Amino acid sequence: NVSAVSEFVFVGLSDAPEICLLLFVLFLLIYLATMAGNIILLIAISTDSHLHSPMYFFLGNLSLLDLLCPTITVPKMLGALLLEHKEISFSGCLFQHFSLIAVVGTEIFLLAVMAYDRYVAVCHPLRYPSIVSAKLCAQLALGTWATGLLNSLLHTSLVFTLSFCGANKIQQYYCDIPPMLALSCSSTHSRELVILVVAGVLGSSACVVTVVSYICILLEILGRKSPGIWHKAFSTCGSHLAVVCLFYGTTICTYVRPSFTYSPHWDRVVSMLYGMLTPLLNPIIYSLRNKEVKCALKRVISQV
């Protein structure tokens, strides 16, 4: 006599009702700052001819992903904090889950593509325009988005074809893989294994591309004896390396591990790092470390 779950209830932030208003204001400000920073960066990249290069083309894709990632989760969380409307339908949860995993997966692959772009720029500067052509940029960008969507389709089908017939309270502020697996009333071991293998293979492949690219960059720098090479390489790769460390660290802590290690409170903190703070920090990191971006942003702001 157990009925199937038709909706879920977010309880990730309701365990501290006395500070709900404070959290609402804090997260709203972070969300608005994230939107403003990434929109301005997108406008600067699209309108400034100095930024019409492969590096900034990929950075524009990253800013678009950083716009989508918090937009998928934060508005619903803000509504839960202010209006106490914590319910979400089964189909709504499925769509949110699919969208979020697609964006996160695409960003992982995009960061690997950006690492390869930096490798070519540092190690083969004279051949850079011919290697990283406009056609290759379009193919790489399309490939990252397609891989992210297919990866999300697989993960979502594995999670949402499970049976949900008991508790419907999600210990999180959005529909994510670990809390959904914890709610299922059917066996999840085989699906967890598939999810771990797929996430491990795809994630480690992207990570290997990134690590190998930076090892080659390091070896190239050590092989050259020209003055100022370290400063030039750091200004070229430092921003991307900082973003990679922040994003990879938080996503690996969230997804590449078995469900018995799931901790609602810890996962909530980690998910906020890559779901809210990383999209906020990305445009700041790139604008602070890049003179061309700073000049373009100044022109955009002065025009506005």
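# A guided tour of the predicted model

Select Asp-117 and Arg-118 to begin: Asp-117 is buried, and Arg-118 is buried too, where buried stands for under 20% relative accessible area, exposed for over 50% and partly exposed for what lies in between (1.4 Å probe, protein chains only). Asp-117 forms a salt bridge with Arg-118, with 2.7 Å between the closest N and O atoms; a salt bridge here is a side-chain nitrogen of Lys or Arg within 4 Å of a carboxyl oxygen of Asp or Glu. A search of the whole structure finds one salt bridge.

Before going on, note that this is a predicted model, in which local features need pLDDT of at least 70 and side-chain atom pairs count only at pLDDT 80 or more, while totals for chains, interfaces and linings use all residues. Residues are numbered from 1 along each chain as its sequence is written, and side-chain values use heavy atoms, with hydrogens and water left out.

Now show the whole chain as a cartoon. The secondary structure comes to 10 helices and three strands, taken as DSSP runs numbered from the N terminus (helices H or I with at least four residues, strands E with at least two). Along the sequence the pattern reads β-α-α-β-α-α-α-β-α-α-α-α-α. Of the 304 residues, 48% count as buried.

Next, turn to the aromatic rings. The search of the whole structure finds eight aromatic pairs; rings of Phe, Tyr and Trp (its six-membered ring) pair if their centres lie within 6.5 Å, and planes under 30 degrees apart count as stacked, over 60 as edge-to-face and the rest as tilted. Select Phe-8 and Phe-164, which form an edge-to-face pair at 5.6 Å centre to centre with 90° between the planes. Phe-8 lies in strand β1 (residues 7-10) and Phe-164 in the loop between α5 (134-160) and β3 (169-170), so the pair ties together parts that are 156 residues apart in sequence. Phe-8 is buried, with a relative accessible area of 0%, and Phe-164 is buried at 4%.

For another pair, select Tyr-116 and Tyr-119, which both lie in helix α3 (residues 90-123), three residues apart, about one turn of the helix. Tyr-116 is partly exposed, with a relative accessible area of 31%, and Tyr-119 is partly exposed at 21%.

Move on to helix α5. Its 27 residues should span 39 Å at 1.5 Å a residue, and its end C-alpha atoms are 39 Å apart, which agrees; the expected span is 1.5 Å times one less than the number of residues. Buried residues in α5 include Cys-137, Ala-141, Gly-148, His-155 and Phe-160.

Leu-21, Val-25, Leu-29, Leu-82 and Leu-83 make a nonpolar patch of about 510 Å²; patches consist of residues with over 30% relative accessible area and no salt bridge, like charges being joined within 9 Å and nonpolar side chains (Val, Leu, Ile, Met, Phe, Trp, Tyr) within 5 Å. Helix α1 (residues 20-47) gives the largest share of the patch, three residues. Leu-83 lies in the loop between α2 and β2 (87-89) and, at 64% relative accessibility, counts as exposed.

Note on methods
Accessible areas come from the Shrake-Rupley method with a 1.4 Å probe; for residues, only the protein chains shown count as cover.
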